[in-house]
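Please keep the viewer open as you read.

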Amino acid sequence: MILWLLRGLKRGIITTRYPAAVDAWARQLPSPPAFDPDLLTETLADQAIAVCPNHALHRQANELVFDLGACTGCGLCFGEAAAPSGAFELASRSREKLIKRIPIGGGK
């Protein structure tokens with residue numbers, strides 16, 4: 001590691017390129033849910049909200065509000081309308097971009 005650091009300093013490289021492909025083991029990492037608005041009912045939304053230990057979910061009118069910044073990917077909300085998204089690299093310069101609004105449309 002030290003040799004790599006010294007080599008980078010000698011060449012003037014301060015960062016390395018981001019991996020071109022996702023490592024296979026990364027698919028096993030916990031990931032936040034992906035909600036399907038067509039399957040999401042008020043009952044399923046309320047159940048997901050009730051089991052979320054981090055309070056990353058709440059309802060506003062006819063929408064499920066999902067805070068990606070608070071979600072730890074525990075999977076307790078997975079079910080009929082939610083499945084693992086597979087997205088484990090989440091970043092944003094703005095906190096508001098981590099708030100997702102999912103319309104509750106199931107059964108319509």
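How far is the sulfur of C77 from the closest cysteine sulfur, and in which residue is that sulfur? The closest one is in C74, 6.3 Å away, which is too far for a bond.

Before going on, a word on the ground rules. This is a predicted model, in which local features need pLDDT of at least 70, side-chain atom pairs count only at pLDDT 80 or more, and totals for chains, interfaces and linings use all residues. Residues are numbered from 1 along each chain as its sequence is written, and side-chain values use heavy atoms, with hydrogens and water left out.

**Cysteines**

A disulfide is a covalent bond between the sulfur atoms of two cysteines. Here a disulfide is counted when a pair of cysteine sulfur atoms lies within 2.5 Å, and the count comes to zero. For C74, the nearest cysteine sulfur belongs to C52, at 6.1 Å. The surroundings of individual residues are described by relative accessible area: under 20% is buried, over 50% is exposed, and partly exposed is in between (1.4 Å probe, protein chains only).

| Residue | Relative accessible area | Class |
|---|---|---|
| C74 | 43% | partly exposed |
| C77 | 18% | buried |
| P33 | 8% | buried |
| A61 | 73% | exposed |

**The cavity**

Rolling a probe the size of a water molecule over the atoms shows where empty space is left. A cavity is a set of points, on a 1 Å grid over the protein atoms alone, where a 1.4 Å probe fits but cannot get out; lining residues have an atom within 4 Å of a point. Grid points are joined across faces, edges and corners, and a volume is the space filled by probe spheres set on the points. One cavity of 30 Å³ or more is found, and the largest cavity holds about 100 Å³ of space. It is lined by 14 residues, of which P33, C52, C71, C74 and C77 are the closest to its centre.

P33 sits in strand β1 (residues 33–35); strands (E, at least two residues) and helices (H or I, at least four) are DSSP runs, numbered from the N terminus. Beyond its neighbours within four places in sequence, P33 has contacts (heavy atoms within 4.5 Å) with residues including F66, C71 and C77.

**The nonpolar core**

Which residues touch the most other members of the largest nonpolar core? They are F35, L40, L57, L64, F66 and I102, out of 17 residues. Such a core is a set of buried Ala, Val, Leu, Ile, Met, Phe, Trp, Tyr and Cys residues joined through side-chain atoms within 4.5 Å. Helix α2 (42–51) and strand β3 (63–67) each supply at least two residues of this core, and the largest share, three residues, comes from α2. Leaving out residues up to four places away in sequence, F35 touches L40, L57, L64, F66, C77, A81, A82 and I102.

Helix α1 (residues 2–11) lies largely in the open, because one of its ten residues is buried. Just after α1, G12 takes a positive phi of about 85°. H55 also has a positive phi, near 55°, and is not a glycine; H55 belongs to the loop between α2 and β2 (57–60) and is exposed at 67% relative accessibility. A61, in the loop between β2 and β3, has a positive phi of about 55° although it is not a glycine.

Note on methods: On a 1 Å grid over the protein atoms alone, a cavity is a set of points where a 1.4 Å probe fits but cannot get out, and a pocket is an open set with protein on both sides within 12 Å along at least five of seven lines; lining residues have an atom within 4 Å of a point.
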